[in-house]
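Good morning, and thank you for making time for this item. I would ask you to keep the sequence and the structure in view while I speak.

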Amino acid sequence: MSTGSIGAEAARPGAGVVQVEAEVIANQRVGAYHHLTVVAPGLPELARPGHFVALAVGGTHSSMLLRRSFSIHRVSPRGTYGPTVEVVVAAHGPGTEQLVGLPVGAHVNVVGPLGRPFPVPSTPVACVLVGGGYGSAPLFWLAEVLRERGCHVEVVLGAASADRLFGVVQARRVADGVSVTTDDGSAGTKGWVSDVLPEIITRTGASVVYGCGPMGMLRSLHEIAQEHGAVAQVAVEEAMACGIGICMTCVMPVRDDEGVTSMVRSCVEGPVFRGDRVRWDAFVDGRCLVPSDAVGAPQEVVR
């Protein structure tokens, strides 16, 4: 598929960003994760699939100064309790542990929508959406948007084990086909998403592969998509400490239209990138290195 079939207007950031004191109206345990719903006036109307929000943690006198960022799972501009935003949270540390413990009626400061959303095709094409763990959260809303445009949508969900999957039932409601993989074989096919992806792309003639999850998974789906003549659009999971482009903790090497590599902020220039623009060779053992040919990279001085 030519890159021109991806709608450029959908690749730009949203029309605006709001900061609201949101009220928690639901906090439900789903497998290994928590599904959090908050009332956030003004935010849903601006959001698109692939955007994320940054939630404050701690408090006035807390040492946790930085927000926690999460892909938007779903929005409702006109919910029963008002405009709502839903996110999926995995408790990994003090900040996320606080969020998963928020009771109904609690308030949390939310900034969003942030980042660049998923671009969508301007004409109906077959698409495959691949999610790893709770990285699948933004894909169900994306699937609905794609099907509204007449696209055939297949969803692939993978995780280490069955309790680490998110949204299998939702996927069956919004997709034309669903495949599940787990590392331990506790649900679906035993193995990785990369084991089933080639057959799905071939069978459907998919032109676009969307992905959200661990960097290793995103690299493999990009490589498979490229081998099959498809374009990969990946939402990266680089650590985003501020979410608004100030702290520079989420920089990663990305090529521009001319092939020049620069270190860009995944929270502002991303989190969605074309797979063939990401310098996957820079990610080694869970670390992101600065390629020697990147703009501004340190150069060896010859004396």
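**Backbone geometry and helix packing**

Methionine 248 is located in the loop that runs between strand 12 (231-235) and strand 13 (251-255). Please bear in mind that this is a predicted model. The phi angle of methionine 248 is near 65°, a positive value in a residue other than glycine. With a relative accessible area of 46%, methionine 248 is partly exposed.

Aspartate 285 also has a positive phi without being glycine, with a value near 50°. Its place is the loop between strand 16 (283-284) and strand 17 (287-288). Is aspartate 285 buried or exposed? Aspartate 285 counts as exposed, because its relative accessibility is 77% and the cut-off for that class is over 50%.

I turn next to the cis peptide bonds. One of them joins glycine 112 and proline 113, with omega about -5°, and proline 113 belongs to strand 6 (residues 107-114). Another leads from glycine 270 to proline 271, where omega is near 10°. Proline 271 sits in the loop between strand 14 (261-265) and strand 15 (272-274).

Now to helix 2. Of the 10 residues in helix 2 (residues 139-148), seven are buried, and the helix is mostly covered. Which residues of helix 2 are buried? They are Leu139, Phe140, Trp141, Leu142, Ala143, Val145 and Leu146. The elements covering them include strand 4, strand 7 (126-132), strand 8 (152-159), helix 3 (168-174) and strand 11 (208-212). Just after helix 2 comes glycine 150, which takes a positive phi of about 90°.

Strand 4 (residues 68-79) contains glycine 79, a residue that is partly exposed at a relative accessible area of 24%. From glycine 79 to valine 295 the C-alpha separation is 46 Å, and the two are 216 residues apart in sequence.

Alanine 90 occupies the loop between strand 5 (82-89) and helix 1 (94-100). Alanine 90 is buried, because its relative accessible area is 2% and the cut-off is under 20%. Setting aside residues up to four places away in sequence, alanine 90 touches Tyr33, Thr96 and Tyr134. Its C-alpha atom is separated by 20 Å from that of aspartate 184, which lies 94 residues away along the chain.

The last topic is a helix pair. Two packed helices are described by the angle between their axes and the distance between the axes. For helix 4 (residues 193-204) and helix 5 (residues 215-227), the axes come within 10 Å and cross at roughly 25°. Helix 4 and helix 5 are therefore roughly parallel to each other, since the angle is under 35 degrees. Their crossing is right-handed. Which residues meet there? Val193, Ser194, Leu197, Pro198 and Ile201 from helix 4 meet Met217, Ser220, Leu221, Ile224 and Ala225 from helix 5. By class, this contact consists of eight nonpolar and two polar residues, with no charged residues.

Threonine 204 is also part of helix 4. Its side chain reaches the backbone oxygen of isoleucine 200 at 2.7 Å. A polar atom of that side chain also lies 3.3 Å from the backbone nitrogen of alanine 206. Beyond its neighbours within four places in sequence, threonine 204 is in contact with Ala126, Val128, His152 and Glu154.

Conventions:
Residues numbered from 1 in each chain as written. Predicted model: local features only at pLDDT ≥ 70, side-chain atom pairs only at ≥ 80, totals over all residues. Heavy atoms only, no water. Axes fitted to C-alpha atoms, helices over the stretch in contact; angles between N-to-C directions. Helix = DSSP H or I, 4+ residues; strand = E, 2+ residues; numbered from the N terminus. Parallel < 35°, antiparallel > 145°, perpendicular 65-115°, else oblique. Left-handed = near helix turned anticlockwise from the far one by under 90°. Contact = heavy atoms within 4.5 Å. Nonpolar A, V, L, I, M, F, W, Y, C, P; charged D, E, K, R; others polar. Polar contact = N/O pair within 3.5 Å; in protein donor to acceptor, adjacent residues only side chain to side chain. Buried < 20%, exposed > 50% of the residue type's maximum accessible area, 1.4 Å probe, protein only.
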